[in-house]
Amino acid sequence: MPDSQKYRLSVAVIAKDEADRIPICLGSLDFADDVVVVVDSASQDDTLAIAQSYGYRVLSRPWMGYARQKQFAVDNCANDWVMILDADECIPGQTAKAIVGLLADPPVDIAAYGFMRRNIFHGRWFKRCGWWPDRVVRLVDRSRGKFSENLVHEQWVADGAVRQLDAVIEHYSFRNYAGLIEKMQNYSTLAAQQMKNDGRRARWWTSISHGLWTFLRSYFLELGILEGFDGFMISTTNAGGSYLKYAKLWELWRHGKARQGEKVDCKATDAP
């Protein structure tokens, strides 16, 4: 890395129950001079111990949501330029070289860089179902931006220009179909709450139309049909996530938190 402190690189990683995948991530970061790993204190496996074995700075912290957890990791980095990763992502050698080259003399008008993310599932790279090029902003000048407060699909909001690169990040996205379904459930809940917070509403049929369109787009227009049964499962869970997001939004407005906390008088509902 360059000698100038201004252009040195930190990497911020967040992790929870990633003992099987975090070694690939951390093993790809030897080109950085500062790595901060924030591990959810509720992790049930050896994620914390594995992260500590690499000699990086490891912080254990309760889960505060995607945006706040990542912002905490960024805030604890030593340098202004920060590469932000999840524990199931890694940096290929060619991308590492590209990053080092960028930071040797970064343009002053660029506040962040975007990368193409290569999603790996069941041991192979998926180019269809909307999974490629899956652009994400990950290399940021932390002095010129911050994470949005979105509950899900958090984004880095740069105070300046964002340049898109052809460099690739590898993402070992899901372990199995159960992981697809778990993410569909969790993300749809968070997305519905975010939309409600933003004042958005849905009709009872909105979930059906969005779910159907998402499946048709993913499976046919984005050629998931050519990815075999994996493509069908990805397209189905894409559609399921869209359907559940709007169904849960409708439910929140109609049967929201105000009613969830109400006590029910069982005697009043007993049959005579």
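Reader: How many helices and strands are there in the chain?
Author: Helices (H or I, at least four residues) and strands (E, at least two) are DSSP runs, numbered from the N terminus. The model is predicted, so local features need pLDDT of at least 70 and side-chain atom pairs pLDDT 80 or more, while totals for chains, interfaces and linings use all residues. Residues are numbered from 1 along each chain as its sequence is written, and side-chain values use heavy atoms, without hydrogens and water. The chain has nine helices and eleven strands.

Reader: What percentage of the residues of the chain count as buried?
Author: Buried means under 20% relative accessible area, exposed over 50%, and partly exposed in between (1.4 Å probe, protein chains only). The chain has 272 residues, and the part of them that counts as buried is 45%.

Reader: Is glutamate 18 buried or exposed?
Author: Glutamate 18 sits in the loop between β1 (9–15) and α1 (22–26). Contact means heavy atoms within 4.5 Å; leaving out residues up to four places away in sequence, glutamate 18 touches Pro23, Asp45, Thr47, Ala87, Asp88 and Arg175. Because its relative accessibility is 11%, glutamate 18 counts as buried.

Reader: Which residues does lysine 196 touch, not counting residues up to four places away in sequence?
Author: Lysine 196 lies in helix α5 (residues 177–197) and, at 26% relative accessibility, counts as partly exposed. Its C-alpha atom is separated by 9.7 Å from that of lysine 248, 52 residues apart along the chain. With residues up to four places away in sequence left out, lysine 196 touches Leu249, Leu252 and Trp253.

Reader: What are the spans of the C-alpha trace along its principal axes?
Author: Among contacts between residues at least 6 apart in sequence, 73% join residues at least 24 apart. Along its principal axes, the C-alpha trace spans about 80 × 45 × 40 Å.
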